[in-house]
Amino acid sequence: MGRHRDAGRIAATLVIAVLVAAGCGGSPVLPSAGAGAPSGLTVTSEGVVLQADVVQMDAATTRANLKSANGDGTLVLTASTPGASALKAGSILVMDGAGVRKVVSATPNGSEITLETEDAAASDVVKDGKIGWTYRVAYDALPDRAYETAMAQVGLWRAPALASVGDLRGDQLRDFAVSRETLRFTGKVQGFDIEFKLAPTAAQLNLELSATRSNVKVQAAGFISQFDQETQLEFDDGAGTLIDTEVSKLRGEAEITWHAFEINDPSLDSDIVALQLPMSIPIPFMAGPLPMTLNIKANIRVVPELTSGNASSGGAWKVTYDSDHGFSSNGGDVSPKSQLRNAIADLGAVATVTAGNGVVGFGLGFEFPRLELQLGHPFNKELLGEVAGGTELFEQANALLRPYAFLTVNTYVNGQWTPGTTLTSDIPPCQRSSVKVSAIAGYKLSVLGMAELSDNKLLWEKSFDRFKDDKPCTLTGT
């Protein structure tokens, strides 16, 4: 119970300002960030002016008055909600603990008011000015709200993140435990039995992952360090004109192990499978008037080519890196930013062997950390427990979040075997294992009110190869 009360207090401190601007005339000016920012977060602002029809609700108001939400954007508030009487078509509703929505219609209904809403951009809230933040992500200092929401994703109610990965049902959640020391998910995702653990300490976030099906087992273990997430946003006359965002001081280590073999089932021997792991750590914060979330996630991709007869592949790589990476854009183009201080990779503790009667390959992509920046907040556990229909609210929560950028480190390991030409012997057999570590940025800048730019960019990449008996070989025999 103490954790729940603390979460409420922390959520309340996230509010930089509470303004009820709709119908008041003029463009309210945002106060500067106060001392209520959570540990690790510094917010700066300069010359910020809000749009005229903005209504803001702090976390306590959202929690007390939001009665239901739907993924199509329908919200139901109590009629007595501060500022609700001023809501009309064109109003922008900013809810700490939920998100940013543009009101399409507002219909009073006795003690409630029903709002039909649509997605809003950050520039619908901020007309002019500069907003920036630096979030020092120290895992023992994150708000309880982050860990409680992580728990709720898989432990309390079924969430869209689970349903979106395919065949996961609520009754397949076999075990889940959470504390400040360990978050753990076990369950079935797209035919794989998954066990996924995140253990935060003061210095780093430790990870263990196991994904197993009838012919494949993949494992990963390692950590990421504390890091800084820095962003600068600029707005001019209702348009986003600049984003500059970067992850700095990020160090990571992972040992990735795999075992796979052919079972004469095309769907298992050759189909590529992408798994969105159904657990993350969403870190909500207020950047001035904008509710933002930094989400720490992990994904994996299995790429088999086990169709040559007696095909099998197994091995391990251990990778470490130290990097800064990000991007900037003024709306006309995107410029990558990166500094790779160190990247080292070598074979891991398990022997790496791939073989078969023909060409055999197996690849595994491990994306961690995937750091998503989102406009809006996930509904927190305290809100869900206090409002009517809390379970249904949580099922709709992710639909109201709007990702506008991600910065990810992807480690792709693989084993390959080519038999060469057995009759002429001019091309010898080749057994090779490789790892490619890369940082990638993705973006959808229309969420910020900038030009419609949606794409991915490679920020840096480092590759390593190892050959049987340390003898390099190619398909040409040279």
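Asn264 counts as exposed, at 65% relative accessibility, where exposed means over 50% relative accessible area, buried under 20% and partly exposed in between (1.4 Å probe, protein chains only). Before going further, a word on what you're looking at: this is a predicted model, in which local features need pLDDT of at least 70, side-chain atom pairs count only at pLDDT 80 or more, and totals for chains, interfaces and linings use all residues. Residues are numbered from 1 along each chain as its sequence is written, and side-chain values use heavy atoms, with hydrogens and water left out.

Back to Asn264, which sits in the loop between S15 and helix H5 (266–269). Helices (H or I, at least four residues) and strands (E, at least two) are DSSP runs here, numbered from the N terminus. The phi of Asn264 is positive, near 60°, and the residue is not a glycine. Asp237 has a positive phi too, about 55°, and isn't a glycine either. Asp237 belongs to the loop between strand S14 (227–236) and S15, and it is exposed, with a relative accessible area of 59%. These are worth a look because most residues other than glycine have a negative phi, and most peptide bonds are trans. On the peptide-bond side, Phe368 and Pro369 are joined by a cis bond with omega of about -5°, and Pro369 lies in strand S22.

Now to strand S13. Seven of its ten residues are buried, so the strand is mostly covered. What does S13 pair with? One partner is strand S12 (residues 204–212), antiparallel over nine bridges, where two strands pair if DSSP finds at least two bridges between them. A hairpin of three residues takes the chain from S12 to S13, and Thr212 stands opposite Lys217 in S13. S13 is also joined to S15 by nine bridges, again running antiparallel, with Val216 standing opposite Ala260 in S15.

Is Phe223 buried or exposed? It counts as buried, because its relative accessibility is 16%. Leaving out residues up to four places away in sequence, Phe223 touches Gln204, Leu205, Asn206, Arg251, Gly252 and Glu253, a contact being heavy atoms within 4.5 Å. Phe223 and Thr320 are 97 residues apart in sequence, while their C-alpha atoms are 9.6 Å apart in space.

Rolling a probe the size of a water molecule over the atoms shows where empty space is left. On a 1 Å grid over the protein atoms alone, a cavity is a set of points where a 1.4 Å probe fits but cannot get out, whereas a pocket is an open set with protein on both sides within 12 Å along at least five of seven lines; lining residues have an atom within 4 Å of a point. Grid points are joined across faces, edges and corners, and a volume is the space filled by probe spheres set on the points.

By class, the lining of the largest cavity has eight nonpolar, three polar and one charged residues, with Ala, Val, Leu, Ile, Met, Phe, Trp, Tyr, Cys and Pro counted as nonpolar, Asp, Glu, Lys and Arg as charged, and the others, Gly among them, as polar.

The second largest pocket holds about 250 Å³ of space. It is lined by 17 residues, and the closest to its centre are Asn299, Ile300, Arg301, Glu367 and Asn410. Two or more lining residues come from each of strand S16 (273–276), strand S18 (290–305), strand S22 (360–375) and strand S23 (402–418). Sorted by class, eight residues of this pocket's lining are nonpolar, six polar and three charged.

Finally, there's a sheet to trace. Six strands form an open sheet in the order S2-S5-S6-S7-S4-S3, with mixed pairing. Strand S2 (54–57) and strand S3 (66–69) are its edges, each pairing on one side only. Within the sheet, strand S4 (residues 74–78) and strand S7 (residues 112–119) pair in the antiparallel sense over five bridges, and Leu77 stands opposite Ile113 in S7.
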